[in-house]
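Here are a few notes to read alongside the model, written as numbered points.

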Protein chains: 2
Amino acid sequence: MSEVPTAAISRLVTYLRILEELETREIVRTSSTDLAERAGVSAFQVRKDLAYFGRFGTRGLGYSVAILKRELMRVLGLNQTWNVVIVGVGRLGQAIANYPGASDYQFQYVGLFDVSPELVGRRVRDLTVRHIAELKDFVRENKVDMGFLAVPPERAQDAAQAMVTAGVRGILNFAPVVIGPRPLEGRSESRSADGNVLQDSGDDWRGVIVENVDFLAGMKRLAFYTLNPHLKDSPVPEDPA
Amino acid sequence: MSEVPTAAISRLVTYLRILEELETREIVRTSSTDLAERAGVSAFQVRKDLAYFGRFGTRGLGYSVAILKRELMRVLGLNQTWNVVIVGVGRLGQAIANYPGASDYQFQYVGLFDVSPELVGRRVRDLTVRHIAELKDFVRENKVDMGFLAVPPERAQDAAQAMVTAGVRGILNFAPVVIGPRPLEGRSESRSADGNVLQDSGDDWRGVIVENVDFLAGMKRLAFYTLNPHLKDSPVPEDPA
């Protein structure tokens, strides 16, 4: 499974969301055609995306919603607990901490970090906000699986560097800026704005996973399609989640 | 330009973000190879995506960062003002209202709506939160280009229906649920979890554009790649923004 396109993973996430929707509506069976229609991709794409990870359906009978949901959760690693720290506990960080549904996937917030004197020491949900300077010790002393970065854009790169230096290996970046290793002047970079592994030999970003949640990207796509609704008429296989 | 894949638009948004990053770093020229490397796609993909909308570079000389940025903003419709209403003014809605950078793209918040007695009548930024019941009149009396939906998931469908009924034609959905026309039992649907045009003959969702900003999708992708970092090793052309 060394050739799974990133877009296929985004689509698996979409299929899972659709399966959960079907389950809440007490629909027990679905098909690649049905999933494709709801996800805005082709049925062939659905079958191809699922085939990377196994055979989940029965020819002619389609898929059990419950089983396919369980299998996709297993594939995505959502059947295990993830310990998460949030860096940046302003409005956005607090919105994330209180975002519904995260706990359904066993994303557990174990630490909140900020630099603001108004926030450090305050209780948010059931946690006390710590100063970012404590992050490294915290990561050493606790099992931290990933960090959510919710600081202002101008602080994002430094905060991300602090997270990586502290040993955080996976970052969900909510700031509308590209974060990653900062190369020496003139040295070429190999990093992705879309969350690929950041490779910059000789520093601690190697192997760090970055995924981006960019509100502005959604706003920009919406602006484009509001101007060009005809371009949305037909779903396309490579439609991102 | 009737065959532009949705993923290409997401990539244009990523290219624009990279160009802005280059501009802040005072880099004045770039190339399809450079953009590709930073976006985690192939140079061929970059050239193909841009070619849908015109010829922006000079063979052998690459692209002017300033000109390509300006052209992408024009293509995406970001050189004009967008009047936005936010429906749901809790932590998330307030985080969105205060999210940095939106105003750089002339997304202007003209109305905030909620149902909570604690929120209706309160000032958030420079606006007074109105009751959702006022949305229809507000849309009739004001130019509203799009609406951001930031209510709890269990309220998202009803709130989205209220927005569409009120005449909002573009919705940026922050709730981790699929919103769209609710078909009569047994009637087949044609809608997209990824934001395609929702078509359900006989109701007011026809032509409505929905884009999703799903925190949980990012968390799920991050979970998967944290478990399978080797699958992130090489950028793939259809990598979503």
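This is a predicted model: local features need pLDDT of at least 70, side-chain atom pairs count only at pLDDT 80 or more; totals for chains, interfaces and linings use all residues.

1. Which residues does Phe107(B) contact, leaving aside its neighbours within four places in sequence? In chain A, the partners are Met219(A), Lys220(A) and Ala223(A). In chain B, they are Leu78(B), Trp82(B), Val84(B), Ala102(B) and Met146(B).

2. Next, the aromatic rings. Over all chains, the structure holds 17 aromatic pairs. One of them is Phe174(A) with Phe215(B), an edge-to-face pair at 5.0 Å centre to centre with 80° between the planes. This pair crosses between chains: Phe174(A) sits in the loop between β8 (170–173) and β9 (209–212) of chain A, while Phe215(B) belongs to helix α8 of chain B. Phe174(A) and Phe215(B) are both buried.

3. Phe215(A) and Phe215(B) also pair with each other, this time stacked, at 5.7 Å centre to centre and 10° between the planes. Because Phe215(A) lies in helix α8 (residues 215–227) of chain A and Phe215(B) in helix α8 of chain B, the pair joins two chains. Both Phe215(A) and Phe215(B) are buried. Ring pairs link a cluster whose members include Tyr99(A), Tyr109(A), Phe148(A), Tyr99(B), Tyr109(B) and Phe148(B), along with Phe174 and Phe215 of chains A and B.

4. Now to the annotated part of chain A. The unreviewed UniProt entry has a "domain: CoA-binding" annotation that covers residues 77–178 of chain A. Over residues 77–178, the chain is 27% helix and 28% strand, and the end C-alpha atoms are 26 Å apart. The unreviewed entry also has a "binding site" annotation, covering Gly88(A), Val89(A), Gly90(A), Arg91(A), Leu92(A) and Gly93(A).

5. Two of these annotated residues deserve a look. Gly88(A) lies in the loop between β3 (82–87) and α5 (91–97) of chain A. Is Gly88(A) buried or exposed? Its relative accessible area is 2%, so Gly88(A) counts as buried. Not counting residues up to four places away in sequence, Gly88(A) touches Gly93(A), Phe113(A), Asp114(A), Ala150(A) and Val151(A).

6. Leu92(A) is part of helix α5 of chain A. With a relative accessible area of 11%, Leu92(A) is buried too. Apart from neighbours within four places in sequence, Leu92(A) is in contact with Ala150(A), Phe174(A) and Phe215(A), and also with Ala95(B) and Tyr99(B) of chain B.

7. In chain A, the buried residues of α3 (residues 43–51) are Ala43(A), Gln45(A), Val46(A), Asp49(A) and Leu50(A). Seen down the axis, these buried residues fall within an arc of 160°, so they line one face of the helix. The face turned away from that buried side carries the exposed residues Phe44(A) and Ala51(A). What covers the buried residues of α3(A) includes α1 (6–24), α2 (32–39), β2 (63–64) and α4 (65–76) of chain A.

8. In chain B, Asp49(B) lies in helix α3 (residues 43–51). Asp49(B) is buried, at 0% relative accessibility. Leaving aside neighbours within four places in sequence, Asp49(B) is in contact with Ala8(B), Arg11(B), Leu12(B) and Tyr15(B).

9. Finally, the charged pairs: how many salt bridges are there over all chains? The count comes to 22. One of them joins Arg17(A) to Asp214(B), with the closest N and O atoms 3.4 Å apart. This pair crosses between chains, from helix α1 of chain A to the loop between β9 (209–212) and α8 (215–227) of chain B. Arg17(A) and Asp214(B) are both buried.

10. Within chain B, Lys69(B) forms a salt bridge with Glu23(B), the closest N and O atoms being 2.8 Å apart. The pair links distant parts of the chain, with Lys69(B) in helix α4 (residues 65–76) and Glu23(B) in helix α1 (residues 6–24), 46 residues apart. Glu23(B) is partly exposed, at a relative accessible area of 34%.

Conventions
Residues are numbered from 1 along each chain as its sequence is written. Chains are lettered from A and ligands numbered from 1 in the order in which they are written. Side-chain values use heavy atoms; hydrogens and water are left out. UniProt positions are given in the numbering used here, feature names are shortened, and annotations may be inferred rather than shown by experiment. Helices (H or I, at least four residues) and strands (E, at least two) are DSSP runs, numbered from the N terminus. Buried means under 20% relative accessible area, exposed over 50%, partly exposed in between (1.4 Å probe, protein chains only). Contact means heavy atoms within 4.5 Å. The arc is that of the directions from the helix axis to the C-beta atoms. A salt bridge is a side-chain nitrogen of Lys or Arg within 4 Å of a carboxyl oxygen of Asp or Glu. Rings of Phe, Tyr and Trp (its six-membered ring) pair if their centres lie within 6.5 Å; planes under 30 degrees apart count as stacked, over 60 as edge-to-face and the rest as tilted.
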